[in-house]
Amino acid sequence: MNKISKIKARQVFDSRGNPTIEAEVYANLISAKSICPSGASTGSYEAYEKRDKGNKKYLGKSVLKTVELINKIISKKLKNKNVHNQEKIDSLLINLDGTKQKTKFGANAILAVSMATKKLSAKLKKVPLYKTFLVRKNFKLPYPLMNIINGGAHANNGLRIQEFMIRPDKAKSFSESIRICFLVINNLRNLIKKRKLSTSVGDEGGFAPMINKNEEALNLIVQAINRAGFQNGKDVSICLDVAANELLKNGLYSVHSKKFESIDETIKRYIKIIKKYKIKSIEDPFSENDWSAWSKLMKSIKKTQIVGDDLYVTNLERLKKGFLNCSSNAILIKLNQIGTVSETLEVIKFAHAIGFETIISHRSGDSEDTFIADLAVGTNSSQIKTGSLARSERVAKYNQLLRIEEELGKNAEMNKIY
Ligand code: 2PG
Ligand code: MG
């Protein structure tokens, strides 16, 4: 009953309509499945995403060979292994691949199997998934970071910054936090309409109006917060993901305008917008290799959450380096950047031990899989970033958190934020 009997993988499609892997792990007649997400603005130190580059039928994007590797090789290797021994299964997968960035099987294949195994274990134990990670009692719900205006690689509007997010800091419950975001988003929609701009959405469900100045987006959000009856910086805070890897040329950054500027100038302008717009969190303000720029920024600001995404790629070695270098005070967690559930949990444990905030994150190409909602609660992560309140692959995660909140009943407290 506790032994894996087979694994069946298949090619399915993600929210951008690109092929991706679903793995279904079986223990006799009972099974659980999971779908691997995929990023657009990826860090170069991420684990490898394997695709059939030579297959013209799917423009080189299919994952059919990888599916075959799971069905033929991985399935055999994991047969009869104890489904509840996640660490052993993950290390078997890591060793079977044997490469640093999981290039043999692809982190997409390995992760789909790893997550499906975790889900099956919970199902067999008849416990909710969120109860099977690091936390055993006093579960807390994360604050949502809702990406309400999309730019950068997730839209084609010319906005330099990739994600303009809101965080409902004063919400006392998860459902209240969703209500607050809902109100701000509806006000934002009306403001965008009034300006005769498009209210269609980008890859992560945020609006993608044809504006190209960061400050225009920030002004719209402040107005929307006010019109919804809230105070910016108190009830609701603005958070950014700059995704600066995409904005670097010859050591200069074009974050604040099309002009490429020095690190010092870029920091000066960060400080200005932090003050003016009461910004509480900035992700990837500099590129993945610019360690000294990160620590310079950390020294120049107080009370702002600085989040490493492409910088750390959910990798323990890189997180240790960032800690020693004082690069940030928070880490974004993406399972597919590293490739297994166990390695992800190791990184979260270490992050908490050094006092870093953990933010569990979706990818811009995502699916109906809600694994990360449970992961956020089960690891005591203070925040979750999973897009806007639009597009079902994003809303599915928020809906799962509403279910968890309901199940926890009056014990459902919100986590603390930085
Ligand atoms: C990011 C993510 C998710 P992508 O940069 O944080 O929002 O985007 O999945 O494209 O890397
Ligand atoms: Mg990011």
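Predicted model: local features only at pLDDT ≥ 70, side-chain atom pairs only at ≥ 80, totals over all residues.
A polar contact is a pair of N or O atoms within 3.5 Å.

Glu204 places a polar side-chain atom 2.6 Å from an oxygen atom of ligand 1. For Gln162, the separation between an N or O atom of the side chain and an oxygen atom of ligand 1 is 3.0 Å.

The surroundings of the ligand were then examined as a whole. Ligand 1 is surrounded by 16 residues, and the closest of these are Ala40, Glu163, Glu204, Ser364 and Lys385. Sorted by class, the shell around ligand 1 comprises eight charged, six polar and two nonpolar residues. The space that ligand 1 takes is the second largest cavity.

The position of the ligand can also be described in terms of the domains. The protein chain is divided into two parts, domain 1 (6-127) and domain 2 (140-414). Residues from both domain 1 and domain 2 contribute to the shell around ligand 1, and the ligand therefore lies between them. Taken over C-alpha atoms, the centres of domain 1 and domain 2 are separated by 27 Å. The two domains also touch each other directly, with 30 residues of domain 1 in contact with 32 residues of domain 2.

Notes
Residues numbered from 1 in each chain as written. Chains lettered and ligands numbered in written order. Heavy atoms only, no water. Near = heavy atom within 4 Å. Polar contact = N/O pair within 3.5 Å; in protein donor to acceptor, adjacent residues only side chain to side chain. 1 Å grid on protein atoms, 1.4 Å probe; cavity = no way out; pocket = protein on both sides within 12 Å on 5 of 7 lines; lining within 4 Å. Sits in = over half its atoms within 2 Å of the grid points. Nonpolar A, V, L, I, M, F, W, Y, C, P; charged D, E, K, R; others polar. Domains from an automatic or database assignment. Contact = heavy atoms within 4.5 Å.
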